[in-house]
Amino acid sequence: YKKALFYITHRLKCWEESTCKISTSNEQFNQWLKRSLADIIMLLTETEKGPYPFAGIPWFTTPFGRDAIITALECLWINPEIAKGTLAFLAETQAKEFDPEKDAEPGKIIHEIRKGELASAGEVPFALYYGSIDATPLFVILAGKYLERTGDVEFIKKIWENIVLAMEWIKKYGDLDGDGFVEYVPSEKGLINKGWKDSFDSVFYEDGSFPEPPIALVEVQGYVYYAKRKAAKLAEALDKKELAQKWRKEARELRKKIEEIFWCEEIGCYALALDGKKRLCRVRTSNAGHLLFAKAVESSRARKLGELFFEKHFFSGWGIRTLSSLEKRFNPLSYHNGSVWPHDNAIIAYGFAKYRLKNYTLKLLQSLFEASTFFKLHRIPELFCGFRRRPNEGPTHYPVACHPQAWSAGTVFFMLQACLGINFKENHLFLHYPTLPPFLQEVWIQNLKLKKGKVD
């Protein structure tokens, strides 16, 4: 017991020393920060390739591609080593050949790795499963953001072949019918839906019925657009100018297609998805907000999304719901059709900041902070129910949510970065229109590492 306690204490101390320290004038907010960092450290597992964040306890104590990438993005500014370990692990496990049972195709990034009895016996395909439609472009995005944060060109050279393979997967295998969008079809043994909302009923038409595949999710197109932009910058850093021009041109074309095809004036929102017959699922979901994170939409429509997301049918008072209460399948008790997911809100809040809509970013930070005070140890869970906020009551717990969940723990860091406008370029730290909510008068940041040195 003493040895285990010493190891845990030593590990915690090492990670705290290598991570920038954040403190504020609000002690409750400080408790949220401390708990979130402790949970991130708890979920980090040392692999042969470096630290890798497991997704969550108790259901997802294993490597997930999407979850780890988003967690690494959220924590990139406070400690880029998490991103480096994540990228190295995902590069190592990237699919190199076809395996339909595992949804594996050359260049595709892992969705999930499990080592239980069912997986070992082949009863379920999750021993090495590649079902995510979005992990591959997110991998490229993380690589691009990591280079911006650290200037570590040597590491990018090591995984460059993996980045090229990922981009080739997007082009050759992600776009199933050649229409320029990345789509998926349901798996026989694996997932039916392959975006981050992977419940069987999370993608539907406005009448509640299910669409015919292949399915092109709106947020995935945003990720692909962002991945092409980041890949172009990575190519430039390695002096591959023709490749950079090619990917940048493809990004421009995709952005135009997203605007032309996915925007639905009648609902004032981007449609959830495009089906196999190119019919839109005209449903108002939080998925559209991820286009802001990718900066894939026009400024005027970003403002429209901001107004929409804070109407009563979308905003519960604790956060933006995954689905508008006006939609057929809305259920505040559901996993993906009406609940509030902290990481989802953090991605949208970060997107608002990119469009200088920081009033919305601040509102989301405040609502999630206030929600955190109602959870034990200030530990924000994987998700909570989407019931409207009521006086003198906290958010309704989702009974089987993970506590802790990596990308929920990373939420506070991503949202704080968005508020302060923290960005990096070469050896410079930038703060774009730094703003704080009323409950934070002061924020102190110490030991923030740059390429050459540290800053307080």
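Residues are numbered from 1 along each chain as its sequence is written, and side-chain values use heavy atoms, with hydrogens and water left out. In this predicted model, local features need pLDDT of at least 70 and side-chain atom pairs count only at pLDDT 80 or more, while totals for chains, interfaces and linings use all residues.

The largest pocket has a volume of about 910 Å³. A pocket is an open set of points on a 1 Å grid over the protein atoms alone, with protein on both sides within 12 Å along at least five of seven lines, and lining residues have an atom within 4 Å of a point. The volume is the space filled by probe spheres set on the points, which are joined across faces, edges and corners. The lining of the largest pocket comprises 31 residues, and Glu148, Lys233, Asn423, Phe424 and His432 lie nearest the centre. Two or more lining residues come from each of α6, α9 (218–237), α13 (342–354), α16 and β9; the largest share, 7 residues, is that of α9. Helices (H or I, at least four residues) and strands (E, at least two) are DSSP runs, numbered from the N terminus. By class, the pocket lining holds 12 nonpolar, 6 polar and 13 charged residues. Here Ala, Val, Leu, Ile, Met, Phe, Trp, Tyr, Cys and Pro count as nonpolar, Asp, Glu, Lys and Arg as charged, and the others, Gly among them, as polar.

A search of the whole structure finds 5 cavities of 30 Å³ or more, a cavity being a set of grid points where a 1.4 Å probe fits but cannot get out. The volume of the largest cavity is about 120 Å³. Its lining has 13 residues, with Leu76, Lys145, Gln417, Asn423 and Phe424 nearest the centre. The elements α6 (135–150), α16 (411–420) and β9 (422–425) each give two or more residues to this lining, which divides into 8 nonpolar, 2 polar and 3 charged residues.

Phe200 is located in the loop between α8 (160–174) and β4 (216–217). Phe200 is exposed, with a relative accessible area of 53%; exposed means over 50%, buried under 20%, and partly exposed in between (1.4 Å probe, protein chains only). Gln446, in strand β11 (residues 443–446), counts as partly exposed because its relative accessibility is 39%. Between the C-alpha atoms of Gln446 and Glu298 the distance is 36 Å, with a separation of 148 residues in sequence.
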